[in-house]
Amino acid sequence: MDKFNEIESLLSKNRLDEALSLVDENIKSSGSNLDMLYFYRGKINWRKGLNSQAITDFEHSVALNPESKARHALEMARDITDFFNPDLLNP
């Protein structure tokens, strides 16, 4: 099984810590596909509620490859964190 399929499989089973360990191992040992590994680490961090770390990972992925899937994820993450509804502040 290729590393990305294994990561996807772990994510689909919500085994986030195992997926994160696998991604981190591959980042340390891999010279290729780093943009995808940072994208997956960003996805994992976002699902764990570590939004600023996720955005940093997405940014790193986009810096390595501007056409990375992380580009769209980064835009969505920024939209979510930038959302402001003044009606929610004064009910």
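Which polar atom distance separates the backbone nitrogen of A70 from the side chain of S68? The backbone nitrogen of A70 lies 3.0 Å from a polar atom of the S68 side chain.

## Basis of the model

The structure is a predicted model, in which local features need pLDDT of at least 70, side-chain atom pairs count only at pLDDT 80 or more, and totals for chains, interfaces and linings use all residues. Residues are numbered from 1 along each chain as its sequence is written, and side-chain values use heavy atoms, with hydrogens and water left out.

S68 is located in the loop between α4 (51–64) and α5 (70–82); helices are DSSP runs of H or I with at least four residues, numbered from the N terminus. Its relative accessibility is 6%, so S68 counts as buried (buried is under 20% relative accessible area, exposed over 50%, and partly exposed in between, with a 1.4 Å probe and protein chains only).

The side chains of S68 and S61 are joined by a polar contact of 2.8 Å. Such a contact is a pair of N or O atoms within 3.5 Å; within protein, one must be able to donate a hydrogen and the other to accept it, and residues adjacent in sequence count only if both atoms are side-chain atoms. Apart from neighbours within four places in sequence, S68 is in contact (heavy atoms within 4.5 Å) with D35 and S61.

## Nonpolar core

The largest nonpolar core holds 24 residues, of which I7, L11, V23, Y40, I44 and F58 touch the most other members. Two or more residues of this core come from each of α1 (3–12), α2 (16–29), α3 (34–47), α4 and α5. A nonpolar core is a set of buried Ala, Val, Leu, Ile, Met, Phe, Trp, Tyr and Cys residues joined through side-chain atoms within 4.5 Å. When residues up to four places away in sequence are not counted, Y40 touches F4, I7, E8, L11 and V23.

## Aromatic pairs

Rings of Phe, Tyr and Trp (its six-membered ring) pair if their centres lie within 6.5 Å; planes under 30 degrees apart count as stacked, over 60 as edge-to-face and the rest as tilted. By this rule there are three aromatic pairs. The ring centres of F39 and Y40 are 5.6 Å apart and the planes stand at 55 degrees, so this pair is tilted. Both F39 and Y40 are buried.

The rings of F39 and F58 have centres 6.1 Å apart and planes at 40 degrees, so they too form a tilted pair. This pair links distant parts of the chain, with F39 in helix α3 and F58 in helix α4, 19 residues apart. Ring pairs link F4, F39, Y40 and F58 into a cluster.

## Salt bridges

Six salt bridges are found in the whole structure, each a side-chain nitrogen of Lys or Arg within 4 Å of a carboxyl oxygen of Asp or Glu. In one of them, K48 pairs with D17, the closest N and O atoms being 2.7 Å apart. K48 lies in the loop between α3 and α4 and D17 in helix α2, so the bridge ties together parts that are 31 residues apart in sequence. K48 is partly exposed at 35% relative accessibility, whereas D17 is exposed, with a relative accessible area of 51%.

D57 forms a salt bridge with R41, with the closest N and O atoms 2.9 Å apart. This pair links D57 in helix α4 to R41 in helix α3, 16 residues apart. D57 counts as buried at 5% relative accessibility. D24, R41 and D57 are linked in a network of salt bridges.
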